[in-house]
Amino acid sequence: MAAIRLGDVAPNFTAMSTEGEINFHDWLGDGWGVLFSHPADYTPVCTTELGTVAKYKAEFDKRNVKVVALSVDGLESHHGWVNDINETQNTTVNFPIIADEDRKVSELYDMIHPNADSNATVRSVFVIGDDKKVKLTITYPASTGRNFDELLRVIDSLQLTAYHKVATPANWNNGDECVVVPAVTNEEIPALFPKGYKEIKPYLRMTPQPNLN
Ligand code: BEZ
């Protein structure tokens, strides 16, 4: 199994989930997607993570991003645990959770790291663009819950690059100045960035965030 790298087409699969069978590429449609794994159902950190993702649905929707979770637990376990997530996190789980009991998807996406735990998936995240290509991968250990504000921040950055030819500098947050990507020439800037730009060095050109009024 080859590692999945940035720019690769996200491998397609068919799997059972809490919302029925999913053909991944069909399910993605022409939007963006997040596929994220957790180590096990009925565990504390995972309970908080899935509750948080449910509460962020409007934020993912705004960005045209569908979210799907995965662990190697079965469907019955997922359904029972969803009741606990809803109860303890004051939310309603509103995205599918893949039941990867045969590890088909976990192995396809290299989500089991045997030297960490041979029986469970690590906390992997794959962000997939509307061209079905992998835009971002993140791997966290079981003991560290992910920061979903950071995930939204990164998706904003990825979409700015995809649609507006800017990159984002260190510690960028929505609304901050962006970096004109090196492939854009100074001659192209007025048409692409009518708000103007600052040239600090020929290779370091800043422009106001292009998708804001
Ligand atoms: C958790 O979700 O809390 C967890 C899962 C596996 C190992 C450690 C923590």
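1. Cysteine 46 is buried, with a relative accessible area of 1%, and cysteine 178 is likewise buried, at a relative accessible area of 0%. Both values come from a predicted model and should be read as such. A search of the whole structure finds zero disulfides, a disulfide being a pair of cysteine sulfur atoms within 2.5 Å.

2. Cys46 also takes part in a helix contact, being one of the residues that H2 brings to its packing with H4. Helix H2, residues 44–55, packs with helix H4, residues 75–89, at an angle of about 75 degrees, and the two axes are 9 Å apart. The two helices are therefore roughly perpendicular to one another. On the H2 side the contact is made by Cys46, Thr47, Thr48, Leu50, Gly51 and Lys55, and on the H4 side by Trp81, Ile85, Thr88 and Gln89.

3. Strand S3, residues 32–37, is mostly covered, since six of its six residues are buried. In a regular strand the side chains alternate between the two faces of the sheet. In S3, Trp32, Val34 and Phe36 point one way, whereas Gly33, Leu35 and Ser37 point the other way, and all are buried.

4. S3 has pairings with S4 and with S6. With strand S4, residues 65–71, S3 pairs in the parallel sense over six bridges, and serine 37 stands opposite leucine 70 of S4. With strand S6, residues 123–128, S3 runs antiparallel and is joined by four bridges; here the bridge partner of phenylalanine 36 is valine 125.

5. A further open sheet is formed by four strands in the order S8-S9-S11-S10, with antiparallel pairing. Strand S8 (166–167) and S10 stand at the edges, each with a single partner strand, so one side of each is left without a neighbour in the sheet.

6. At the S8 end of this sheet, two bridges join S8 to strand S9, residues 178–180, and the two strands run antiparallel. Valine 166 stands opposite valine 180 in S9. The buried cysteine 178 of the opening point falls within the residue range of S9.

7. At the S10 end, strand S10 (residues 198–201) and strand S11 (residues 204–207) pair in the antiparallel sense over three bridges. These two strands form a hairpin with two residues between them, and lysine 201 stands opposite leucine 204 in S11.

Definitions and conventions. Residues are numbered from 1 along each chain as its sequence is written. This is a predicted model: local features need pLDDT of at least 70, side-chain atom pairs count only at pLDDT 80 or more; totals for chains, interfaces and linings use all residues. Side-chain values use heavy atoms; hydrogens and water are left out. Buried means under 20% relative accessible area, exposed over 50%, partly exposed in between (1.4 Å probe, protein chains only). Axes are lines fitted to C-alpha atoms, for helices over the stretch in contact, and angles run from 0 to 180 degrees between N-to-C directions. Angles under 35 degrees count as roughly parallel, over 145 as roughly antiparallel, 65 to 115 as roughly perpendicular and the rest as oblique. Contact means heavy atoms within 4.5 Å. Two strands pair if DSSP finds at least two bridges between them.
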